[in-house]
Amino acid sequence: MTTADPTSTDPTLLPIASGARTRAMLGELLRPRRFLAAGGLVVVIASISVGLLTQPLLGHIVDLVVDRRPVSAVLVPALLIAVTAIVSGVLATIGISLVARLGESLLAELRERFVERALHLPLHEVERAGSGDLTSRVTNDVTIIGEAVRQALPEFTRSLLAIALTLVGLAVLDWRFMLAALVAVPVQASTLRWYLRASGPVYTQQRTASGAQQQQLLETISGATTVRAFRLGDRQISRLTERSTRTVDLNLTGVRLYTRFFSRLNLAEYMGLSAVLVVGYVLVRDQSVTVGAATAAALYFTNLFGPINTALILLDEAQSAAASLARLVGDADLPLAPEPADTADEPVARPRDASVQVTGIKHAYLPGHDVLRDVDLEIPAGRRVALVGASGAGKTTLAKLIAGIHQPDQGTIALGGVPLIDLGARAVRESVALVTQEVHVFAGPLVEDLRLARADATETEIQQALALVEALDWVQALPEGLTTVVGDGGHRLTVAQAQQLALARLVLADRPIAILDEATAEAGSAGARLLERAASNALQGRTALVVAHRLTQAASADQVVVLDAGQIVEQGTHNELVAAGNRYAVLWQAWSDDHETRSVPPKPGVDDKP
């Protein structure tokens, strides 16, 4: 079970799993590794048990000194202490290694589940939550859990076992020593209970606030041009300041809790040690135990300070990691994007050709706010259609609906005469390719990046695809040609080059229907002309829907469709629409005048040389 974040004021953020669901997920991950967990636990217990022999041996040495025994009598217990330290150290190394291996394998599977689910989340869920929330889970939360698994989990396990076995050791010396040590427990328990109650929500709020802060930062940076154009700088800075202030306030709240937590624990330590010393004095006076036994008891309790403090310090990290884990599990439990049925036992319909039919489409991301209304569109096989309209007209939404990314609220979309709902998921993927203006270059050899579109593509086929999109020359000029490492940490590609790679992938994938959603919008003027030629070449022989960023793309299309406020208001050839003198003609005239003005060279100034 996952729940919306109770601390967030933004209901659009991705959900956070409940404590019960998080524990259930840990159980699912731990079950196939139960033997590794049991082995690590046994070895750690053995290590601590051997180490606990040190205090009785030191107490025995004290008794030998009290009895004025010769120095030679101390030799054997001293050697045993050395052997104990070596054996305990070796077992501790093995035990911590096994526990760390268990933690790493759990983390690896959790990360794989998270990435798999994130890649298949319904796109509208991700878009509604914003990239900041998902990014903070992928980066900050995974990092926090990773550090806890590598460092906190082994030490935390060892500390808890050390505390339990030390109390057993005190009872073996004399049960009254253990009772004296337990004087500190009520204070420690009440302190721990208070801290867990207070810190859990704080850490959850910190993770959420951090995600909101990152989202605001990403929006401001990625939209810097728009922010400057509409003079929204003050508003964006105010929002970022508000979210940053909340993050800082929550961090300071955590620090204050942490300080109060340890001040109470110090009181418990002093109370427990005093009780053990008093009991030791009474027992030695009554000759119930030896001075060595009382010394061993005091050493046992003193040695508890380290494990207790370590466990409680790591408990602080564990609280933070638990909050991050709940966010990851919350994402992992989200329902996947619905896909048309595609099973091996049932035949799946196949499109008869590469035509596209859109009938009575209506779609809204938020109830009552239709993005598309009553849209009817038919694209014959092999035809190229350009979508034109102002920002927000619904062009990208229509493109995504045809690509099968979203499901329409009303109406039908058919590929080759077969409704999308009746097509198998594989058939949709094999029929439609979507290229957007946001292109990612994956880290690694360039040839492997291209083979993402078709794993069995030969080098000759890859070169032919690159040549078709006019990218072969610059690829061959790279330091290692096709094997050059690109992406993060490798050779940096320009925006136009990255888009050419996306178009080359389109050629290699060889889908009969191609959708270009402003695929040349991010390049400059010179780069745009190059990309328009590359896109035109890549679309040869395919049914194409082009969301036009530049009207030159519309002018070269077989048909132009003009969207306004979610409805088709005009459609026809470029010449027909210009001659009609309506909305498209006005757009074309404005576009033509603007580009003619830009192409006129400036007049020479008085300081210019002839």
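**View 1. β11 and β12 side by side in a predicted model.** Strands β11 and β12 pair in the parallel sense. Five bridges hold this pairing. The structure shown is a predicted model. β11 covers residues 513–517 and β12 covers 543–547. Look for D517, which stands opposite V547 in β12. In general, strands of a sheet pair through backbone hydrogen bonds, either parallel or antiparallel.

**View 2. The open sheet of six strands.** β11 and β12 belong to an open sheet with the order β8-β11-β12-β5-β13-β14. The pairing in this sheet is mixed. Which strands are the edge strands? They are β8 and β14, and each pairs on one side only. β14 spans residues 567–572. On average, neighbouring strands are turned by 15° against each other, direction ignored.

**View 3. Helix α12 against the sheet.** Residues 395–402 form helix α12, which packs on the sheet. Which strands does α12 touch? The helix touches β5, β8, β11, β12 and β13. Its direction makes about 150° with that of β12.

**View 4. β13 and its two partners.**

**View 5. The turn between β13 and β14.** These two strands form a hairpin. How many residues lie between β13 and β14? There are two. A565 sits in this turn and has a positive phi of about 55°.

**View 6. T543, a buried residue of β12.** T543 lies in strand β12. Is T543 buried or exposed? T543 counts as buried because its relative accessibility is 2%, below the 20% limit. A polar atom of its side chain lies 2.6 Å from the backbone oxygen of A354. Beyond its neighbours within four places in sequence, T543 is in contact with A354, V356, I379, P380, A381, G382, R383, P512, I513 and A514.

**View 7. Helix α17 across the sheet strands.** Helix α17 spans residues 495–509. α17 lies across β8 and β11. Its direction is at about 175° to β8.

**View 8. The largest nonpolar core.** This core has 37 residues. Which of them touch the most other members? They are L446, L450, L466, L503 and L506. Several elements each supply at least two residues of this core, among them the strands β8, β11 and β12. The helices α14, α15, α16 and α18 also each supply at least two. The largest share, nine residues, comes from α17.

**View 9. L506 and its surroundings.** L506 is in contact with A433, V435, R511, A514, L516, A538, L539 and R542. Neighbours within four places in sequence are left aside in that list. A second, separate core has 34 residues, including A181, L257, F261 and A275.

**View 10. T247 in helix α10.** Helix α10 covers residues 233–285, and T247 is found in it. Is T247 buried or exposed? With a relative accessibility of 10%, T247 counts as buried. T247 touches A209, S210 and Q213. Residues up to four places away in sequence are not counted here.

**View 11. S592 in helix α21.** Residues 583–599 form helix α21, the place of S592. S592 has a relative accessibility of 17%, so this residue counts as buried. T552 is 40 residues from S592 in sequence. In space, the two are 9.5 Å apart, C-alpha to C-alpha.

**View 12. The whole chain.** The chain contains 21 helices and 14 strands. Of its 610 residues, 44% count as buried. Among contacts with a separation of 6 or more, 78% join residues 24 or more positions apart. The chain exposes about 31,300 Å². Carbon and sulfur atoms supply 59% of that area.

How values were computed: Residues are numbered from 1 along each chain as its sequence is written. This is a predicted model: local features need pLDDT of at least 70, side-chain atom pairs count only at pLDDT 80 or more; totals for chains, interfaces and linings use all residues. Side-chain values use heavy atoms; hydrogens and water are left out. A nonpolar core is a set of buried Ala, Val, Leu, Ile, Met, Phe, Trp, Tyr and Cys residues joined through side-chain atoms within 4.5 Å. Buried means under 20% relative accessible area, exposed over 50%, partly exposed in between (1.4 Å probe, protein chains only). Helices (H or I, at least four residues) and strands (E, at least two) are DSSP runs, numbered from the N terminus. Contact means heavy atoms within 4.5 Å. Two strands pair if DSSP finds at least two bridges between them. Axes are lines fitted to C-alpha atoms, for helices over the stretch in contact, and angles run from 0 to 180 degrees between N-to-C directions. Accessible areas come from the Shrake-Rupley method with a 1.4 Å probe; for residues, only the protein chains shown count as cover. A polar contact is a pair of N or O atoms within 3.5 Å; within protein, one must be able to donate a hydrogen and the other to accept it, and residues adjacent in sequence count only if both atoms are side-chain atoms.
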